[in-house]
Amino acid sequence: MKKYQVLVEGRNVWMDINGERKNGGFYTCRFVEEKNEKDAANAAIELVKNALRSRDDIVNTKSDPPLLQADEIEELESFDNIESLEPAFIFHDEDKRDKH
C-alpha cells in the first residue's frame, strides 16, 4: 500500500457557534494508506465524515450534508515525521469567503 497526504475541503458546513447557526467551510489533511490516489481520496473523505459526525457543533441535516472534496493528494515516502495522522480542522466563514 502507498502512503498519501490528502487535503480535504469542506463547504456548506452548518455550525452552532454560541447558539447561532453559521454556514462555514474548512480545510484539513488526512494521512491514509491505499493502493491509488482515488482510493486515498475516498478514504480521507470517509475519515473526515466520521470526524464531523462526532462533533456536537456541526448541525447539518441529512438532507443538507457538508460538501467534501479532496483538493490535493500527495504520495509520501513514510509517515515517520507526521505529528498526528488526524490533524485539526481549519474552519472559515463561508459567507465572508464567497464575497472575496
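**Ground rules.** I worked from a predicted model, in which local features need pLDDT of at least 70 and side-chain atom pairs count only at pLDDT 80 or more, while totals for chains, interfaces and linings use all residues. Residues are numbered from 1 along each chain as its sequence is written, and side-chain values use heavy atoms, with hydrogens and water left out.

**Overall layout.** I looked up the secondary structure and noted 2 helices and 4 strands, where helices (H or I, at least four residues) and strands (E, at least two) are DSSP runs numbered from the N terminus. Read from the N terminus on, the elements follow the order β-β-α-β-β-α. I also noted that the C-alpha atoms fill a box of roughly 45 × 30 × 25 Å, taken along the principal axes.

**The sheet.** I then followed the strands and found an open sheet of 4 strands in the order E3-E1-E2-E4, with antiparallel pairing (two strands pair if DSSP finds at least two bridges between them). Strand E3 (67-76) and strand E4 (90-93) stand at the edges with a single partner strand each, so one side of each is left without a neighbour in the sheet. Neighbouring strands of this sheet are turned by 20 degrees against each other on average, direction ignored.

**Pairings.** I counted 14 bridges joining E1 to E2, which run antiparallel, and in this pair Lys3 stands opposite Glu33 in E2. The hairpin of E1 and E2 has 2 residues between the strands, and Asn18 there takes a positive phi near 50 degrees. On its pairing with E4, strand E2 (residues 20-34) is antiparallel over 4 bridges, and Gly25 stands opposite His92 in E4.

**Helix on the sheet.** I checked helix H1 (residues 37-53), which lies across strand E1 (2-17), E2 and E3 and runs at about 135 degrees to E2. For such angles, axes are lines fitted to C-alpha atoms, for helices over the stretch in contact (heavy atoms within 4.5 Å), and angles run from 0 to 180 degrees between N-to-C directions.

**Contacts, burial and surface.** Among contacts between residues at least 6 apart in sequence, I noted that 75% join residues at least 24 apart. Of the 100 residues, 31% count as buried, meaning under 20% relative accessible area with a 1.4 Å probe, protein chains only. The accessible surface comes to about 6,700 Å², of which 45% belongs to carbon and sulfur atoms, by the Shrake-Rupley method with a 1.4 Å probe.

How values were computed
Buried means under 20% relative accessible area, exposed over 50%, partly exposed in between (1.4 Å probe, protein chains only).
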